[in-house]
Amino acid sequence: MPRSRVRRVGRILFSGLAFHVKTLSQSNFFILVSLIQPVIFASIAFYMFRAGGRAPTLLYAALGAGLMGVWSSTLFGSGGAIQWQRWQGTLELIVVVPPPLIQVLLPLTVATSAVGLYSIVATLAWGVLFFGMPLHLVHPFMFAIALIVTVLGLGLLGLVLASTFVLYRHANALSNLLEYPVWLTTGVLVPLSLLPGWTHLIGWVLAPTWGIKALRTAALGGGNPFVGIGMCLLLGCVYLLIGGIFLNHFERLARDRGTLALA
Amino acid sequence: MSAVEVRDLRRTYHTTTGVFKRRPVEVEAVRGISFDIGEGELFGLLGPNGAGKTTTIKMLITLLLPTSGTATVLGLDVVTDARAVRERIGYVFGGDRGLYERLSALDNLRYFAELYGLAPSTQRARIGYLLELVGLEGREKERVEGYSRGMRQRLHIARGLLHDPPVVFLDEPTIGLDPVGARELRATIASLTESGKTVLLTTHYMFEADTLCDRVAVISKGRIVAEGTPRDLKASVADSTIVEIEAYGVDDDTVDRVRRIPGVASVSVEDRDQAQVLLVQSSTGLELTQELLVALQAFRVGRVASREPTLEDAYVALVEES
Amino acid sequence: MKFLRVFFIGGLIAYKALFNWLKPSLYIPTMLGSPLFQILFFTYLGRFSGVQNDAFFVVGNAVQACAMSAIYGMTMTIANERFFGTLAPLLASPANRLAMFLGRALPVVVNGLVVSIFGFCVGLLFLHFHLALGQVPGLAAVLVVTVTSCTGLGMLLGSIGLRARDVFFISNAVYWSMLLVCGVNVPLSVLPGWLQGIGRALPLTHGIAAARRIAAGGSLSDVGALVGAEFRIGVLYGLAAYGLFRLFEVEARRRASLERV
């Protein structure tokens, strides 16, 4: 690929990311899902762990609840992305621009997971302020890398959600359904060893499983964060491929049936 | 070379109907149309709602695949060269959707400037120029959700022109605008051809087509029923007279009866306040007023007048015949 | 008679028109799927933290599941009137306001019961939760009171929604907060005093406590005080909701604030 083309694609991706982060940050719904909800769930986990005595550290709970927030905002933001654009009347406009649809949609789905960063910041701050949680990260630099890779991995998973949910008429209901099961099977709060064996397979193919592993080992020590980081990246590539295929299929189908605009 | 070439274009939709037993239904939206638009021409596609205007435009801008037939824009095929076509066209539709509400006009334009690959160095100047062209300068930092219909429509136009496309498609751009807003928008549209662009405009406002278009095609039930300059179309009904009859409470049966009076070419009904106005078209020289009043004797009749035909009358006659 | 017709028929039609989740394609994932996984999630979290046994979480979350129907259902059926622009014709009608208001609650209560019963079945089938057959009538009685009481809160949120710009923001925040402060997953005694206070002032808290005692073998007479408190709280919220509704109606006529969004 010639350098000018690479630069151009890079610009589309980065300016799109900035644009969508800005749009999402203006939405009440995202503030709700990425700030209030994680803080409440973090509090529940803090109190439960404190009362149970068998507690892991508070930092463990804060990270878990934060990543739950990242998943929620990716799920609701990306899952309904195409429907929302259609409803708003902008779907036709982003299909009719010269770059392939994937270059237009990828920044959007990554933006939905990137605003989830608010969640992690919120649960960490909440823990420090109200629960006296010591914020000591074992490998701060690794933690930052793990965070970026996790957000990217979830954003790419968002691309798969965006391109598959569109085939289902009520994307929102599907989002409602998939919030808890993914929290459960990716082990963000509950260790996977407590769950039945067959669920491990589901967790294995979902980026949050590896993301939380990387974040936890970087923050709390006791392992190599690169395993999680590497798996997140690997799965991200697979998601990109799947998302690309589905999006192509969607665009062809929509042009064939004339379903880009709201009838 | 023509800017747009359409040959025997067809489009069928497959849908289902029925609540319990779903039956497949085929709807032929466009049934084999052909036309050419010359470079720098402002071409109007006229037709009632559901005639196939929007379907035709969507095939030309690569959003919809034709069922059969071909279409090219600047020599590029809309199916096989979709990406190249997309780089060279602008698309603007009417109504107040299609914008990112929570962001400013400037952010909306910047985003699409990136998607159309405008060089960063020229973006600012281009956006500034377009904001001035559509009269939004000074308001560009406000959120779109507070914009009036007219402002939204002008923003749509600015967005469609960002990459300076040689061919512009305008799908009912003045729909729902107030008279002043619509007039300003028409002035903007007229200025597009002055800068050498080719424009395809769809509308169902006849005076709009009459004042703006170099050539028009009338489309009805998926077929082109007439094509030519507005003057040509008017000439096709030049030897006829329009009788306007103001009446109250006329029912459909009576309108059908009027339609069957020998010598009547077409009848249309417009609602005005509490009254209706029957527009009866007939060949010049036939004095039908008396007969018409007899047919309407059961109803209260107001003002009666006869006049020369307009483009609208030509259009009504064409659509009714089809 | 007229009152009853407005209450039953009017209420049901309004519910169908305004409650967006009634189609099976929406109902199953939202109303049944999400409580199912919520119960599983918190039960496993409970096992991990070692706070309480499965029964604690099954009862807490199954009873709380009815709050979803009550809160979102009532918010939607009242607040959507404004969203769809149908509020003005409704207020122009001479129908009895109280019947109109309460009629909408009945389908919501019934639906809440269905969702809660489903939640208990999940616990019985998949988790370490057992319920003696003799305890079922008592539990059912507690559920009816609790879901009614939550509906009172839902009505209040719906009334607020007639004026507030983004009522679903409020109802979501309230719904999640109830997971924390109503003793659903965290024993009330663990919470700081002020959170306990908020919890006791909300519906659900006393109902869950009563349901837990009955599930553990207690009789209805053991939980009389709790059930009574739950009911009184619900009635208070319902009254506040109705008062607010009438206030907005009067104010809307005076200040033309009805259609302002």
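Two strands pair if DSSP finds at least two bridges between them, and helices (H or I, at least four residues) and strands (E, at least two) are DSSP runs numbered from the N terminus. The structure is a predicted model, in which local features need pLDDT of at least 70, side-chain atom pairs count only at pLDDT 80 or more, and totals for chains, interfaces and linings use all residues. Residues are numbered from 1 along each chain as its sequence is written, while chains are lettered from A and ligands numbered from 1 in the order in which they are written.

- Strands β7 (residues 167–171) and β8 (residues 198–203) of chain B run parallel and are joined by five bridges.
- Within this pairing, L170(B) has L201(B) in β8(B) as its bridge partner.

**Another strand pair and confidence in chain B**

- Strand β11 (residues 240–248) of chain B pairs with β14(B) in the antiparallel sense, over six bridges.
- In this pair, S306(B) in β14(B) stands opposite V243(B).
- Strand β14 (residues 300–307) of chain B is hardly covered, since the count of buried residues among its eight residues is zero.
- A residue is buried if 20 or more other C-beta atoms lie within 10 Å of its own, exposed if 12 or fewer, and partly exposed in between, with C-beta atoms placed from the backbone.
- Chain B has a mean pLDDT of 86, and 97% of its residues reach 70 or more; pLDDT is the predictor's confidence in each residue, from 0 to 100.

**Chain A**

- Chain A contains 12 helices and zero strands.
- The radius of gyration of chain A is 19 Å, close to the 18 Å that the globule rule gives for 263 residues, so chain A is as compact as a globular protein of that length.
- This radius is taken over C-alpha atoms, and the globule rule is 2.2 Å times the number of residues to the power 0.38.
- Taken along the principal axes, the C-alpha atoms of chain A fill a box of roughly 60 × 40 × 40 Å.
- Of the 263 residues of chain A, 54% count as buried.
- Among the contacts in chain A with a separation of 6 or more, 81% are between residues 24 or more positions apart.

**Contacts between chains**

- Two pairs of chains are in contact, and chains A and C share the most contacts.
- Chains B and C do not touch, and their nearest C-alpha atoms are 13 Å apart.

*Chain A with chain C*

- This contact takes 31 residues from chain A and 30 residues from chain C.
- On the side of chain A, the elements giving two or more residues are α2 (28–52) and α9 (171–185).
- The largest share of that side, 13 residues, comes from α2(A).
- The residues of chain A that touch chain C divide into 21 nonpolar, seven polar and three charged.
- Ala, Val, Leu, Ile, Met, Phe, Trp, Tyr, Cys and Pro count as nonpolar, Asp, Glu, Lys and Arg as charged, and the others, Gly among them, as polar.

*Chain A with chain B*

- This contact takes 25 residues from chain A and 21 residues from chain B.
- With eight residues, α1(A) gives the most to the side of chain A that touches chain B.

Terms used. Two residues are in contact if their C-beta atoms, placed from the backbone, lie within 7 Å.
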